Amino acid sequence: MAEDILAPLAGKIIKIHVAPGATVEEDDEVLIIEAMKMETPIFAPCDGTIKALKLKEGDEVEEDDLIAVIE
Amino acid sequence: MRPYFEKMDSLGKELKKGEIKRTQENVEKVLGAEKEIEAAVDKVKNAGFSTEKINARGQMTVWQRLDYLVDEGTWCPLHTLFNPTENIEGTTNVIDGLGKIAGKWAVVIGFDNKVMAGAWLPGQSENILRVTDLAKRLNIPLVWLVNCSGAKLPEQEKFYANRRGAGTPFYRHAELEQMGIPVLAGIYGTNPAGGGYQSVSPTILFAHKDCNMAVGGAGIVSGMAPQGGFNVEMAEALVEKAKVHTAKPPGSVKTHYDATGFFRYVSDEEEGVLDGIKDYMKDMPAYNPKFFRVAEPAAPGFPDDDIMRLLPMDPKKVYSFDQILARLVDGGEHTEFRPDYGPEMYTGLCKVDGFLVACIGNRQGYLGKGYPEYADYPGIGGKLYRQGLIKMNEFVTLCGRDRIPIIWFQDTSGIDVGDIAEQAELLGLGQSLIYSIQQTDVPMMLAVLRKGSAAAHYVLGGPTANRHNAFTLGTAATEIYVMHGETAAVASYARRLVKEKEAGNDLQPVVDKMNELADKYHEKSRPLFCAQTGLVDELVSLTDLRKYMVAFTGSAYQNPKSICPQHQMILPRVIKG
């Protein structure tokens, strides 16, 4: 079963902590989006493996953009 | 009103394993910063003579007196690091705080007899005025441990006169007494001149057998009229006079107990003075807590040291305010006011030690699509928008009506700016909040969890903008400034950069100035700076926040001047609908 990580807000990805294939536990910090001078951490919604990373550090995202998939 | 308060809604949730793992670094940062604060506090405690030296003279230190006087586990120090004039002594030379004596809350203050025998120093009167204001706002007794050798004469020009100078506490004592707030004083040591008035201005005087208080001390009595200078012959005469007066200083117990009767009691032992105060405190006006409690006291819903994981030291990181609040209030329970309106602000009713309190705090993070409703840009927590300002205006007004003390939590970057925000009336709504707070005559306290910035620091219950803030706390993460240093550098130098660029000049010198300004802002917004200059009344560890909330709430409900029957409160009904 796969679960998507979507951008909750528009901004810039300033840090990605995981690579494809990495194992994550629920609530691990996966990446950080900077917007309006604040850093918003994005957490893993479940235990699993990062199946795909759709974006890289420095990319701008819009709200609801797909960032990663956890399997 | 049991259905409203006995079991309120649950707030917060347990930390998950991933959260615990990734916040370990933050815990270490918090502990490191708190260690730095503790070191500064230790320096103040160790100022002046050693405890051993004072004890060898047959005296207790002010710290030992406080320890004997105040009920165990209740002492909440305030102004420990306050030293606005950067005295070389490292202190304003008074030690104060909130504590229970014989089971009742009091504001307690004592001269540090280890430092120049408790002399007046620059900044001290400002410290004392904060303390008299605190007793006034909380309507609880003020207890003094007087041991004051008078003015530090070489620096008298810095504090003797002026509207808030060293004599001001005397009329503030009179003011408290006129309001029915008792001032009890234990008197030790030699208290000439200013020390004499510090001694005589309270309501009931408990004297130690070796103390004295006088309009002028031996130093003045043995002096002479000015003769245009000094010579050795005059010095010889002074030696003889001084010997006599030092041996028998004016205003001893023989004078002020036996003759004038100003001293109500005299004790042979230092502890006897404190026992006398304890005995009087038993009779001070106070409601039994059950009169006001809405539920049995209960511990917070989750461990308080979780807060070290939940409050990021990095000011750019967002977090859940609700999670922190759940670790500060009884049972992690609350009733939120207008949860679907003004999402950037938490407003709700909670319990602290079984008493009803109102809590207001900045929520952090992205506020969701379509908010603020008046703008085409997204909203982020920490900022104030139209709905949040309206909600707080309503909430504090209802708290005033129901006589519910308010605890504010700040972590704010300011009020939304720009022409769209002006059209949304934010300037007027900010000032409306100041008006609402000022007319809400209940005690308030503030904890600046992280940022206190711009006008939002004023309108969110800040001590600058109302008479109801009893005290303001800072944490290891606190920073207070009008705006971020880099924002200030841009505001100050942007036009200059344009000019230099157009003139074809090197921009580096301006850039250097910008960095210099940003660095200065950083340095002058740190927790220790905030405490030293009085921007906060005390820096507390994150695990001590609850203790101060308990002290504040217990004090606020001890003897309030105005009460609202629980079953006649309107705010809980407004929330329920």
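In the predicted model, helix α6 of chain B meets helix α7 of chain B through B:S125, B:I128, B:L129, B:T132, B:A135 and B:K136 on the α6 side and B:T168, B:P169, B:R172 and B:L176 on the α7 side. Sorted by class, the residues of this contact are 5 nonpolar, 3 polar and 2 charged. Two packed helices are described by the angle between their axes and the distance between the axes. For α6 (residues 124–138) and α7 (residues 168–178) of chain B, the axes come within 10 Å and cross at roughly 5°. The two helices, α6(B) and α7(B), are therefore roughly parallel, since an angle under 35 degrees is counted in that class.

Chain B as a whole contains 23 helices and 21 strands. Its radius of gyration is 26 Å, close to the 25 Å given by the globule rule for 577 residues, so chain B is as compact as a globular protein of that length. The C-alpha trace of chain B spans about 85 × 75 × 45 Å along its principal axes. Of the 577 residues in chain B, 51% are buried. Among contacts in chain B with a separation of 6 or more, 78% join residues 24 or more positions apart.

The domain assignment divides out two domains in chain B, domain 1 (46–281) and domain 2 (484–525). The centres of domain 1 and domain 2 of chain B, taken over C-alpha atoms, are separated by 48 Å. Between the chains, 12 residues of chain B are in contact with 14 residues of chain A. On the chain B side of that contact, 4 residues are nonpolar, 2 polar and 6 charged.

Backbone geometry was also examined. Most residues other than glycine have a negative phi, and most peptide bonds are trans. B:N93, a residue other than glycine, has a positive phi near 80°. B:N93 lies in the loop between β2 (76–78) and β3 (94–101) of chain B, and it counts as buried because 31 C-beta neighbours lie inside 10 Å, where 20 or more are required. B:R338, likewise not a glycine, has a positive phi of about 50°. The loop between β11 (333–336) and β12 (345–352) of chain B holds B:R338. With 18 other C-beta atoms within 10 Å, B:R338 is partly exposed. The peptide bond from B:Y371 to B:P372 is cis, with omega near 5°. B:P372 is found in the loop between β13 (355–362) and β14 (383–384) of chain B.

How values were computed: Residues are numbered from 1 along each chain as its sequence is written. Chains are lettered from A and ligands numbered from 1 in the order in which they are written. This is a predicted model: local features need pLDDT of at least 70, side-chain atom pairs count only at pLDDT 80 or more; totals for chains, interfaces and linings use all residues. Two residues are in contact if their C-beta atoms, placed from the backbone, lie within 7 Å. Ala, Val, Leu, Ile, Met, Phe, Trp, Tyr, Cys and Pro count as nonpolar, Asp, Glu, Lys and Arg as charged, and the others, Gly among them, as polar. Domain bounds come from an automatic or database domain assignment. Axes are lines fitted to C-alpha atoms, for helices over the stretch in contact, and angles run from 0 to 180 degrees between N-to-C directions. Helices (H or I, at least four residues) and strands (E, at least two) are DSSP runs, numbered from the N terminus. Angles under 35 degrees count as roughly parallel, over 145 as roughly antiparallel, 65 to 115 as roughly perpendicular and the rest as oblique. The radius of gyration is taken over C-alpha atoms; the globule rule is 2.2 Å times the number of residues to the power 0.38. A residue is buried if 20 or more other C-beta atoms lie within 10 Å of its own, exposed if 12 or fewer, and partly exposed in between; C-beta atoms are placed from the backbone.
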